[in-house]
Amino acid sequence: MHRPRIRTFSVHCRERYGQTVGKIPLDLGIPCPNRARGGCLYCQPASFTPAFLRAADPLAEQISRGKASLLAGRFTRYFAYFQQETPTALATIDLLPHLQRMLSDPDCLGLILSTRPDTIAADLPAALADLIQKTGKACLVELGVQSIHDRSLRLLNRNHCFADFLAAVDRLHAVQRIEIGAHLILGIPGESEAEMLATVRTVCALPLQHLKLHHLQVIRDTPLHRLYTQGQVPVWNQEAYLELLLRLVPHIPAALTLHRLWSTAHPHLLVAPRWHCHAAALSARLQQRMVERGIWQGQRTPAAGSTKQGGQQ
Ligand code: SF4
């Protein structure tokens with residue numbers, strides 16, 4: 001049997017739903033609370049906002065534009081992806097009606113809430129679990145943690161610490177039904193590869209089901225851009241980053257779904273690194289090297305034990 005070398009989101013969806021599934025980005029128009037504290041060093045929301053998404057539009061309009069843009073000819077089902085800013089900054093009582101409305105669409109298989117670890121209200125996990133139980137749909141909460149090293153979190157002006165992430169995972173895990181994911185950044189200035197590996201291994205030892213890895217990108221007009229122009233921000237070249245992934249991915253448990261392995265900011269806002277290469281080509285190159293070198297996700301985790309992957313691609 002041929003098994004994929006990486007458990008991507010499409011592998012996960014084919015396994016769970018028998019088909020690939022889209023993600024429709026949505027914007028509640030709630031500003032991220034970290035903006036009042038200067039915002040994260042690298043953050044520029046326009047760099048990942050799709051052209052069809054306008055925060056001022058009602059959610060129904062955003063969904064309908066998202067369906068026209070993303071689903072046409074590619075997917076018939078989708079996840080409502082609250083990706084912009086920090087959706088859980090909205091009080092639970094105000095957030096829930098939006099979520100319920102999204103789940104009432106038969107084409108919507110579930111929710112993805114992308115948020116900060118210090119913005120999980122005490123009443124949110126139970127309310128989400130209740131919603132999942134009633135609708136039978138899925139809910140993934142993606143927590144931006146970026147690094148386990150508080151020194152790096154301070155540098156990035158995240159204004160939360162790693163302990164906040166651990167507390168958020170505990171709180172979400174306690175209600176059982178919510179799937180939990182983490183975002184990590186690879187290449188934070190001052191971090192060694194050993195520190196990045198420690199982040200990956202530490203986060204993967206928690207009760208998570210999903211992971212996103214990003215290489216650090218310098219986006220125009222961010223504080224990081226200023227530091228970059230002062231020569232204080234090294235960035236990955238494509239070759240070095242692919243080789244880093246080949247060393248890190250075997251440490252990620254095979255059961256975790258890897259939604260992303262690199263950032264894809266809009267080219268007109270991206271300062272560095274500029275790789276001039278489509279994500280599909282990068283993915284093909286990574287997969288090819290994994291095949292050539294006999295590497296797969298989970299290969300170097302304790303759970304891999306002595307079992308070998310059957311029938312390599
Ligand atoms: S928490 Fe997220 S949305 Fe808020 S400033 Fe940081 S990266 Fe941007």
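**Exercise 1.** Which strands are included in what covers the buried residues of helix 1?

*Solution.* Keep in mind that you are working with a predicted model. Start with the residues themselves: in helix 1 (residues 9–17), Phe 9, Val 11, His 12 and Cys 13 are buried. Next, look at what lies over them: the cover includes strand 1 (22–26), strand 2 (78–82), strand 5, strand 6 and strand 8 (257–260). Finally, step past the end of the helix, where Gly 18 follows with a positive phi, near 75°.

**Exercise 2.** Work out whether the span of helix 7 agrees with its residue count, then find how its buried residues are arranged.

*Solution.* Helix 7 covers residues 193–204, which is 12 residues. The expected span is 1.5 Å times one less than the number of residues, so the helix should span 16 Å. Its end C-alpha atoms are 16 Å apart, in agreement. Now list the buried residues of helix 7: Met 196, Thr 199, Val 200, Val 203 and Cys 204. Viewed down the helix axis, they fall within an arc of 115°, so they line one face. Among the elements covering them are strand 4 (138–146), helix 6 (162–174) and helix 9 (238–248).

**Exercise 3.** Sort the residues around the ligand by class.

*Solution.* First, name the shell: Cys 32, Arg 35, Gly 39, Cys 40, Tyr 42, Cys 43, Glu 85, Arg 116 and Arg 158. Then sort: 4 are nonpolar, 1 is polar and 4 are charged.

**Exercise 4.** Is Trp 296 buried or exposed?

*Solution.* Find Trp 296 in the segment after helix 10 (279–293). Its relative accessible area is 16%. Buried means under 20%, so Trp 296 is buried.

Terms used
Residues numbered from 1 in each chain as written. Predicted model: local features only at pLDDT ≥ 70, side-chain atom pairs only at ≥ 80, totals over all residues. Heavy atoms only, no water. Helix = DSSP H or I, 4+ residues; strand = E, 2+ residues; numbered from the N terminus. Buried < 20%, exposed > 50% of the residue type's maximum accessible area, 1.4 Å probe, protein only. Near = heavy atom within 4 Å. Nonpolar A, V, L, I, M, F, W, Y, C, P; charged D, E, K, R; others polar. Arc of directions from axis to C-beta. Contact = heavy atoms within 4.5 Å.
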